[in-house]
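Please look at the structure first, and then follow the topics below in order.

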Amino acid sequence: MLTIAPVAAGQRGALAPLLGAYAAEMRGVLEGSQAADGATIAALLDADPRTELLAASRDGALLGFALFYDLPEAVFARRCGQLDDLFVSPAARGQGIARALIGALKDLGEARRWSHLRWFVPEGDQAAIALYERIAERADWRSYIQRLDRSASL
């Protein structure tokens, strides 16, 4: 049975293998060339009180994660969710885990009374885009970036 649960600060080191696999996979999609190793990423996330994580597991094996933020939304004076990173281990793909993680975020957002849940996806990540086109609406927004360090940038 698939379990989705929050990963508290101090426990995020357990996600290091998944975080490292995610960073390695995204090297081929994103601009930067210096993706970090999983332990370094886990330590960064552990130290940041704004970061929230959900982990998907089955029989004690970690299969995926969703990294997100609970943010103020200024126009309507509400809160909203920002999904920043979503990853499912390649061996566990095609089992509905990404969909379940997003569903858990939706449930959490409804409980927190978020106005919406939003996320960005690189144009080159066609598998993710295929899922998102099925479960969400495409936003009428443009995304911009100013790269301050090209070796470590999106």
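This is a predicted model: local features need pLDDT of at least 70, side-chain atom pairs count only at pLDDT 80 or more; totals for chains, interfaces and linings use all residues.

Lys106 is partly exposed, because its relative accessible area is 49%.

- Five strands make up an open sheet in the order β1-β2-β3-β4-β5, and the pairing within it is mixed.
- The edges are taken by β1 (residues 2-6) and β5 (residues 114-119), and because each has a single partner strand, one side of each is left without a neighbour in the sheet.
- From one strand to the next, the twist averages 25°.
- Helix α3, which covers residues 97-112, packs on the sheet and touches β1, β2, β3, β4 and β5, while its direction makes about 35° with that of β3.

**Neighbouring strands**

- Strands β1 and β2 pair in the antiparallel sense over five bridges, and within this pairing Ala5 has Ala55 in β2 as its bridge partner.
- A hairpin is formed by β2 and β3 with two residues between them, and Asp59 in the turn has a positive phi of about 55°.
- Strands β3 and β4 run antiparallel and are joined by 10 bridges, and here Phe68 stands opposite Leu83 in β4.
- A hairpin is likewise formed by β3 and β4, with four residues between them, and Ala77 in its turn has a positive phi of about 55°.

**A closer look at Ser57**

- Ser57 has its place in strand β2, which spans residues 52-58.
- Is Ser57 buried or exposed? Its relative accessibility is 16%, and therefore Ser57 counts as buried, given that the cut-off for buried is under 20%.
- Leaving aside residues up to four places away in sequence, Ser57 touches Met1, Leu2, Thr3, Leu62 and Leu63.

**Other salt bridges**

- A search of the whole structure finds seven salt bridges.
- One of them joins the side chains of Glu52 and Arg112, with an N to O distance of 2.7 Å.
- Because Glu52 lies in strand β2 and Arg112 in helix α3, this pair ties together parts that are 60 residues apart in sequence.
- Glu52 counts as partly exposed at 22% relative accessibility, and Arg112 is partly exposed as well, with a relative accessible area of 30%.
- A network of salt bridges links Glu52, Asp70, Arg79 and Arg112.
- Glu123 forms a salt bridge with Arg138, and the closest N and O atoms of this pair are 3.8 Å apart.
- Glu123 lies in the loop between β5 and α4 (residues 126-135) and Arg138 in the segment after α4, so the pair ties together parts that are 15 residues apart in sequence.
- Both Glu123 and Arg138 are exposed.

Conventions: Residues are numbered from 1 along each chain as its sequence is written. Side-chain values use heavy atoms; hydrogens and water are left out. Buried means under 20% relative accessible area, exposed over 50%, partly exposed in between (1.4 Å probe, protein chains only). Contact means heavy atoms within 4.5 Å. Two strands pair if DSSP finds at least two bridges between them. Axes are lines fitted to C-alpha atoms, for helices over the stretch in contact, and angles run from 0 to 180 degrees between N-to-C directions. A salt bridge is a side-chain nitrogen of Lys or Arg within 4 Å of a carboxyl oxygen of Asp or Glu.
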